[in-house]
Amino acid sequence: MLRFDPNLRWMYTELPMLERYRAAARAGFQGVEVAFPYEYPARKIAGLLDENGLRLVQVLTPCDWAAGERGIAALPGREDDFRRSVETAVAYAMQVGKPMIHAMAGNVPPGTEHERCRETFLRNLDYAAALLEREGLTLILEPCCRARFADYFYSRIEQGVALIEALGRPNVKLCFDTFHVQMEEGNLTNTLKQAWPHIGHIQIGNAPGRHEPGTGEIHFPFFFAQLEALGWDRWVGCEFEPSGPTDDCLEWGAPYGIRRPA
């Protein structure tokens, strides 16, 4: 059976952040993702996870999201900042159950050659992968569609695969996000199968509104059946904005043990 985890940056936003962990557990989730948990001490988050029987599945390397940054890993001149962000993420991850760490590439600065960004990204990823490998951690890469981030470094699954193959490090994996893939290139099932050897995480969000299954053009019962047929035994992250109160938007999850609490 597929295992789902909610991204608490997107879901249960009707509650304060620290109350979202309990809400997720009450709905039947066994894991959560938290993009930037760093505002709270790791021991606090570890305690919440333990109290609610949850696993922290993924975090992002820190960046100044509020200022418009969408990662810094591919930005020339920010190498030292990126190394510090990776070190922060690794130190935190080791205290909260060793989640996967996603290194966002960032928006290409105006006038900067794409190839220069690619070279920077590969060097930074190589440094990060080596650091994570020593601690038994997995580094995640995720192309993001241009409809969401117009200037983001990469947008297609094939670009992520090419970077992973160029690095040649076994602990660098691809995140396949249905919203980004559908918005950028479509052909979900064939794209999934082509990238399958490199995929380390799955995230779901419907298109075009990035809401829960059942609200858009992606037919998720078919997609979930494909995952099960392929033997997916890892997490599926709920990377979507519920179209209403979170607990009212969980009907799709009933076959997988996810339900609206009584």
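**Close-up views of cavities, a pocket and a helix**

**View 1. The largest cavity of the model.** About 160 Å³ of space lies in the largest cavity of this predicted model. Its lining is made up of 18 residues, and those nearest the centre of the cavity are R9, M104, E142, R210 and E239. Sorted by class, the lining of the largest cavity holds seven nonpolar, five polar and six charged residues. How many cavities of 30 Å³ or more are there? The count comes to two, and the other one is shown next.

**View 2. The second largest cavity.** Here the volume is about 40 Å³. Around this second largest cavity you will find P143, S155, R156, I157, C175, F176, D177, H180, V181 and E185. Two elements, strand 6 (172-177) and helix 6 (178-184), each give two or more residues to this lining. Which of the elements has the largest share? Strand 6 does, with three residues. The lining of the second largest cavity divides into five nonpolar, two polar and three charged residues.

**View 3. The largest pocket.** The volume of the largest pocket is about 210 Å³. It is lined by 14 residues, with R55, V57, K98, M100 and T138 lying nearest its centre. Strand 3 (residues 55-60) gives the most to this lining, namely three residues. If you are thinking about residue classes, the lining of the largest pocket has six nonpolar, three polar and five charged residues.

**View 4. Helix 3 and its buried face.** Helix 3 runs over residues 79-93, 15 residues in total. From its first C-alpha to its last the helix reaches 21 Å, close to the 21 Å expected at 1.5 Å a residue. Which residues of helix 3 are buried? They are F82, S85, V86, A89, V90, Y92 and A93. Looking down the axis of helix 3, these buried residues fall within an arc of 165°, so they line one face of the helix. Their packing partners are helix 2 (42-51), strand 4 (100-102) and helix 4 (114-134).

**View 5. N124 in helix 4.** For a last stop, zoom in on N124, a residue of helix 4. Is N124 buried or exposed? Its relative accessible area is 3%, under the 20% cut-off, so N124 counts as buried. Leaving aside residues up to four places away in sequence, N124 touches I72, A73, E79 and F82.

How values were computed: Residues are numbered from 1 along each chain as its sequence is written. This is a predicted model: local features need pLDDT of at least 70, side-chain atom pairs count only at pLDDT 80 or more; totals for chains, interfaces and linings use all residues. Side-chain values use heavy atoms; hydrogens and water are left out. Helices (H or I, at least four residues) and strands (E, at least two) are DSSP runs, numbered from the N terminus. The expected span of a helix is 1.5 Å times one less than its number of residues. Buried means under 20% relative accessible area, exposed over 50%, partly exposed in between (1.4 Å probe, protein chains only). The arc is that of the directions from the helix axis to the C-beta atoms. Contact means heavy atoms within 4.5 Å. On a 1 Å grid over the protein atoms alone, a cavity is a set of points where a 1.4 Å probe fits but cannot get out, and a pocket is an open set with protein on both sides within 12 Å along at least five of seven lines; lining residues have an atom within 4 Å of a point. Grid points are joined across faces, edges and corners, and a volume is the space filled by probe spheres set on the points. Ala, Val, Leu, Ile, Met, Phe, Trp, Tyr, Cys and Pro count as nonpolar, Asp, Glu, Lys and Arg as charged, and the others, Gly among them, as polar.
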